[in-house]
Amino acid sequence: MQDLKLLANDNRGQRGLESGSSLEGWHEVTQGCILPSFEGDATGIALKKAEERTYSNHNSYTATVASWRVKKPVFNIDVCIDCQNCWVWCPDSSILSRDKQMLGIDYDHCKGCEVCVEVCPTNPKSLLMFSEYTPLDEALSQWPEKKKKEK
Ligand code: SF4
Ligand code: SF4
């Protein structure tokens, strides 16, 4: 399986959005204040891959919301047909895909909403929800068989 870290900057999901941390409130941000999403010159940034972008600490990419999740989607590459439905529908851009190949889940940003599982068309599904604490190999060992068509 491909190392998903290769698709990420070192600063992906480094900051937790926990309560009690000393973040500035909206009322402390003055008019005209700019919080840049990228460090330095961002010309052509949309054409760069995630691992090449210079994300600033104001960018949600550098934060993680993994602690919010109670269930997680698990990806089974053996069943996937690379249709990209999950990538299109994920509301948090947490499906990692490269060159139209589904590679896995960005667990730093996935919130466990289950939309990707709903839209996955394979039989059995290539994405299924498991408890956040289920190890991936254990989840994969419990994958259901293909369902037969009812006559
Ligand atoms: S569970 Fe929701 S947030 Fe997570 S990858 Fe699936 S669609 Fe995206
Ligand atoms: S929706 Fe399912 S089959 Fe399609 S790319 Fe995603 S995991 Fe693979």
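Glutamate 114 sits in the loop between β5 and α2. Helices here are DSSP runs of H or I with at least four residues, strands are runs of E with at least two, and numbering starts at the N terminus. The model is predicted: local features need pLDDT of at least 70, side-chain atom pairs count only at pLDDT 80 or more, and totals for chains, interfaces and linings use all residues. Residues are numbered from 1 along each chain as its sequence is written, while chains are lettered from A and ligands numbered from 1 in the order in which they are written.

Glutamate 114 is not a glycine, yet has a positive phi of about 80°. Glutamine 84, also not a glycine, has a positive phi of about 75°. Its loop runs between β3 and α1 (85-89). Most residues other than glycine have a negative phi, and most peptide bonds are trans. The bond from asparagine 123 to proline 124 is cis, with omega near 0°. Proline 124 belongs to the loop between α2 (115-119) and β6.

How exposed are such loop residues? A residue is buried if 20 or more other C-beta atoms lie within 10 Å of its own, exposed if 12 or fewer, and partly exposed in between, with C-beta atoms placed from the backbone.

| Residue | Other C-beta atoms within 10 Å | Class |
|---|---|---|
| Threonine 134 | 15 C-beta atoms | partly exposed |

Threonine 134 is in the loop between β6 and α3 (136-141). Its C-alpha atom is 9.1 Å from that of lysine 71, although 63 residues separate the two along the chain.

**Overall layout**

The chain has three helices and six strands. Their order along the sequence is β-β-β-α-β-β-α-β-α. The C-alpha atoms fill a box of roughly 65 × 35 × 25 Å along the principal axes. Of the 151 residues, 16% count as buried.

Strand β4 (residues 95-98) runs antiparallel to β5, and four bridges join them. Strands pair if DSSP finds at least two bridges between them. β4 and β5 form a hairpin with two residues between them. Aspartate 99 in that turn has a positive phi of about 50°. Arginine 98 stands opposite glutamine 101 in β5.

**The core**

A nonpolar core is a set of buried Ala, Val, Leu, Ile, Met, Phe, Trp, Tyr and Cys residues joined through C-beta atoms within 7 Å. The largest one has 13 residues, of which Cys86, Ile95, Cys116 and Leu127 touch the most other members. β3 (71-75), β5 (101-105) and β6 (127-131) each supply at least two core residues. β5 gives the most, with three.

Which residues does cysteine 86 touch, leaving out those up to four places away in sequence? They are Ile95, Met102, Cys116, Val119, Cys120 and Leu127. Contact here means C-beta atoms, placed from the backbone, within 7 Å.

**The ligands**

A residue is near a ligand if its C-beta atom, placed from the backbone, lies within 6 Å of it. Ligand 1 has 13 residues around it, with Cys90, Cys110, Cys113, Val115 and Cys116 nearest. Ligand 2 is also surrounded by 13 residues, and the closest are Cys80, Cys83, Cys86, Cys120 and Ser126.

Ala, Val, Leu, Ile, Met, Phe, Trp, Tyr, Cys and Pro count as nonpolar, Asp, Glu, Lys and Arg as charged, and the others, Gly among them, as polar. The ligand 1 shell holds eight nonpolar, two polar and three charged residues. The ligand 2 shell holds eight nonpolar, four polar and one charged.

Methods
Two residues are in contact if their C-beta atoms, placed from the backbone, lie within 7 Å.
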